[in-house]
Amino acid sequence: MSEPGTATGGGAGPNEDLAVHLDGITKRFPGVVANDDVDLRVERGSVHALLGENGAGKTTLMNVLYGLYEPTEGRVLVDGEPRQFDRPRDAIDAGVGMIHQHFMLVDTMTVAENIALGNEPKKWGGLAVDRDRIEREIADLCDRYGFSVDPSATVGELSVGAQQRVEILKALYRGADVLILDEPTAVLTPQEVEDLYGVLEELTEQGKTIIFITHKLGEAMHSADAITVLRDGKSVGTVAPATTTREDLAELMVGREVLLEADSDPVETGGAILSASNVTVENDRGVEVVSGIDLEVRAGEILGIAGVDGNGQSELIEAITGLRTPDEGTVRFDGDDVTDWSRRRRIDGGMAHVPEDRHEQGLVMPFDLVENAVLGSQRSPRFAHGGRIDWAGVRDHAEDVIGTYDVRPPTADADAESFSGGNQQKFVVGRELERDPDLVVATHPTRGVDIGSTEFIHERLLDLRREGKAVLLVSSALDEVQSLSDRLAVIYEGEFVDVTDPDTITEEELGLLMAGERPSETTKSEASDLVEGGDR
Amino acid sequence: MRDDLERLLERLIHASVAERVAISVAALFAAILVGGVLVFVSGGFASCRAGLDLAGVTFCYNPIQVYYELFLGSLGHPLEGDWSPMNYSLATTLRQTTLLIFAGLSVAVAFRAGLFNIGTQGQLVIGGLLTAVTVLFAASYVPGGFVGTVLLIPIGVLAGAVGGGLYGAIPGALKAYAGANEVITTIMLNFIAAGVASTLLSWRFQDPDSANPQTRAIPEYAEIPNVPVVGFSGRMDFSLLALGFAVALMIGIAWLLARTSFGYELRTSGIQPKAAAYGGVDEKRMTVASMTLSGALGGIAGAFWVLMEHGRWLENVPALGFDGIAVSILAGNNPLGVGAAAFLFGVLSSGSNAINTATDVPPELVGVLSGLIILFVAMPEFFRMMGRRYADVGGPERTRSTGGEADD
């Protein structure tokens, strides 16, 4: 009955101390075994991380627990009792709540209305909703768990972090004792992640149990009491963060040794491929969000842009890639002034772009991967002849990308929307990097991608750099921009506060810069040298 | 209960083509069943000399006879003696089918580009008038007979396409460069088209020998000819050549959308404008281009209405453009489906005439029966469209389970 690897106090606990016990769960889909005899023991009042790559079976396992899927084999025990959940309602009634990666909230309704939706307390014999009671109950919940959420605020106006707290409140309101969070940090800013950790701590102190799905090592190490690693649908071990290292965990997860830090040896840089001078951009509401930015990316160089989301990165990238017209300034690419070039001309000129938003921009969701493989190249001579698209050639290309970038499941005929986020991202990155570009403009290229594929994408970016291509990299993952970039620009409120050497700056210094703290005058002058491309 | 509904919806969204056809056929039968009861019961309130007496009430209408006339009457009663395929009823059915294929394609192309073109009617009016005027004008410069036919018909169709295309480009440009909603502008332009056409008619083109508001008749050799031997008689205002052209155009549009760069860009713009912009599609030009193409197809509908049906332009233009919207929706905006949907509309329109001649059922009730059929057959497609949208906003808390898609 004991579980040697479990972390929380005193090792083995008797069965009734397990809030959730999944016993030998197997879930088969036609042609795929998503979960293969998985055991999971989650102790009451603990944070249990479920770690694994995209497609390892984490979400499937939790969907079994939440009643969305029926297990092919195995038992689900909650509080020591075998249960059969035919639908989420059953799981909720048993005290299991799930917070999905994409929130299930009605934007135009208030926090209170969202929380009570479907469980509204009634008054006047069921004729009216008892709003006072809802607000009272929510205020009680907030007090108890130390949340600060205004029940009368409209959900659409809240930040993503606050919306997530509303989702958690919703689960608590329905009486959840076990909370499943699916990739809860994927949509949060670093500060919001910290807040979330605080919330989780508060919840476990009050006796709630948290299961949290992630593919990020750091998060699991930081916040969990126990970590169960899934690989290819099998459980490969449960460990305590205190007794393991990131490297060991990564190896457990991927099944081989992984280089966590991409290593970039110096490369001879060539002439400027991309240069922008005094670029000023307004957003859709006419607010100036990029103010006079100068930058230069040379052949064989990766320029990183770090910054908290919403500081003008998106608009700057749009101005460079031709999706938005700058209000001032010029953009030069391969020696041409491309400021007025259309997006089409820039693509044809050899500019690849991994966009920020794969759902809206990078992929056409109802198209299959074959049709998505030609997005951006639909008029290029490689795939189009006399206005006709060579679909056989496109299919070959799609299959190449799928194979090379390990898109799972490897079926070109499935619609883009049926793939998981990480696999969608791999496909977009693959399509763009295999365009044979001179310049790659990549925004969050590994967002949502598991570490095995992240490593591969990093390698490909470094390959391109070695081949003398220029790369402009925007990422909110600091370790990513730091380890890949040759120079690192920090953006704050539409301006570069500094351009630094990523190898010498510490994460604390970077954090301060991202918060808008100006570097001292001496380092500033050094930095302006670097803006010009840092003579070597 | 709610879960079951969601499961049904999910099932419907992912239905295969064969299943969708089966659903449509089943819906047709359901509509006949409901309509049949309605006709039968209505008969109890009508007065007649002979009918079915039940419990002291005389039921005047026989639903079986009504549907027999609706479906077989529209084909000219093929089960009765001395039936010839070249009969007047079938010609009416196919004439309507031909014109509605053009109108339906016009609406479908715009829909696929994400635009709701309610202006097919106006484009048809303008295109038809331009066809008639151009042919009348050109006829004085070209010889008659076979040469005239070969020259004037393409000129007429082209004139219709150009007229409709330019008239469709207006709302396209208004949307692209001024942000005007195309639903509003196309509706307004329908009124403008009718007014302008009527003004032009009285200014210049009115047939002096007629009291009806219409142009002079185009020469007979400029009307779309019938195929010798297997063709319909000239008095039936229908030509198999025209139907053949409509079907060819339908296949051409399907090919354009599926196989070409332009079609790919058009569909991408319709589904996800941001992805289209990312992929290098000039959104403004695409809006104008797709509205122009849509308008040109509407104009061609007008050209065939003139060249095949009347041999002249009349101010009283039937509402083919509006029926085109229903045809397109019924076809799920799929060009190849437009043919089948247009045929159903042709059958309903010709069959209604047959009911009116053969039975005492009032035309209003026949309209209800047609409406029921359209409603029932269109509803599953409508639910699919709405269901897709519902699934997109994350309605059902259900991760999609498409085979291998197993995780996160």
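These legends describe close-up views of a predicted model.

**View 1. Two helices of chain B pack side by side: H5 and H7.**
Helix H5 of chain B covers residues 120–139, and helix H7 of chain B covers residues 182–205. Their axes lie 7 Å apart, and the packing angle is about 20 degrees. Angles under 35 degrees count as roughly parallel. H5(B) and H7(B) are therefore roughly parallel to each other. Their crossing is left-handed. From H5(B), the contact uses B:Gln121, B:Gly122, B:Val125, B:Ile126, B:Leu129 and B:Val133. From H7(B), it uses B:Leu189, B:Asn190, B:Ala193, B:Ala194, B:Ala197, B:Leu200 and B:Phe205.

**View 2. H3 and H13 of chain B cross at roughly 135 degrees.**
Helix H3 of chain B spans residues 63–72, and helix H13 of chain B spans residues 335–358. Their axes come within 7 Å. The angle makes H3(B) oblique to H13(B). This crossing is right-handed. H3(B) brings B:Val66, B:Glu69, B:Leu70 and B:Phe71 to the contact. H13(B) brings B:Val347, B:Gly351, B:Ala354, B:Ile355 and B:Ala358. The contact of H3(B) with H13(B) has 7 nonpolar residues, 1 polar and 1 charged.

**View 3. Two spans of chain B carry a "transmembrane region" label in UniProt.**
The label comes from an unreviewed entry, and its listed spans include residues 123–142 and 365–383 of chain B. In the model, residues 123–142 of chain B are 85% helix and 0% strand. The end C-alpha atoms of that span are 27 Å apart. Residues 365–383 of chain B are 100% helix and 0% strand. Here, too, the end C-alpha atoms lie 27 Å apart.

**View 4. Chain B meets chain A.**
The contact takes 30 residues from chain B and 48 residues from chain A. On the chain B side, helix H9 (261–271) and helix H10 (273–278) each supply at least two residues. Which element of chain B gives the most to the side that touches chain A? H9(B) does, with 6 residues. The side of chain B that touches chain A has 7 nonpolar, 12 polar and 11 charged residues.

**View 5. Six strands of chain A form an open, mixed sheet.**
The strand order is E18-E21-E22-E15-E23-E24. Strand E18 (351–354) and strand E24 (495–500) of chain A each have a single partner strand, so one side of each is left without a neighbour in the sheet. Neighbouring strands are turned by 15 degrees against each other on average, direction ignored. E18(A) runs parallel to strand E21 (residues 439–443) of chain A, and 4 bridges join the two. A:His353 has A:Val441 as its bridge partner in E21(A). Helix H17 (residues 507–514) of chain A packs on the sheet. H17 touches E15 (301–306), E23 (487–492) and E24 of chain A, and its direction makes about 35 degrees with that of E23(A).

**View 6. Four strands of chain A form an open, antiparallel sheet.**
The order is E2-E1-E4-E5. The edges are strand E2 (32–43) and strand E5 (81–83) of chain A; each has a single partner strand, so one side of each is left without a neighbour in the sheet. The twist averages 25 degrees from one strand to the next. Strand E1 (residues 18–29) and strand E4 (residues 73–78) of chain A are antiparallel and joined by 5 bridges. A:Val20 faces A:Val78 in E4(A) as its opposite residue. Helix H1 (residues 58–65) of chain A lies across E1, E2 and E4 of chain A, at about 115 degrees to E1(A).

Most residues other than glycine have a negative phi, and most peptide bonds are trans. The bond that joins A:Arg408 and A:Pro409 is cis, with omega about -5 degrees. A:Asn278 has a positive phi, near 50 degrees.

Terms used
Residues numbered from 1 in each chain as written. Chains lettered and ligands numbered in written order. Predicted model: local features only at pLDDT ≥ 70, side-chain atom pairs only at ≥ 80, totals over all residues. Axes fitted to C-alpha atoms, helices over the stretch in contact; angles between N-to-C directions. Parallel < 35°, antiparallel > 145°, perpendicular 65-115°, else oblique. Left-handed = near helix turned anticlockwise from the far one by under 90°. Contact = placed C-beta atoms within 7 Å. Nonpolar A, V, L, I, M, F, W, Y, C, P; charged D, E, K, R; others polar. Pairing = 2+ DSSP bridges. UniProt positions renumbered as here; feature names shortened; annotations may be inferred.
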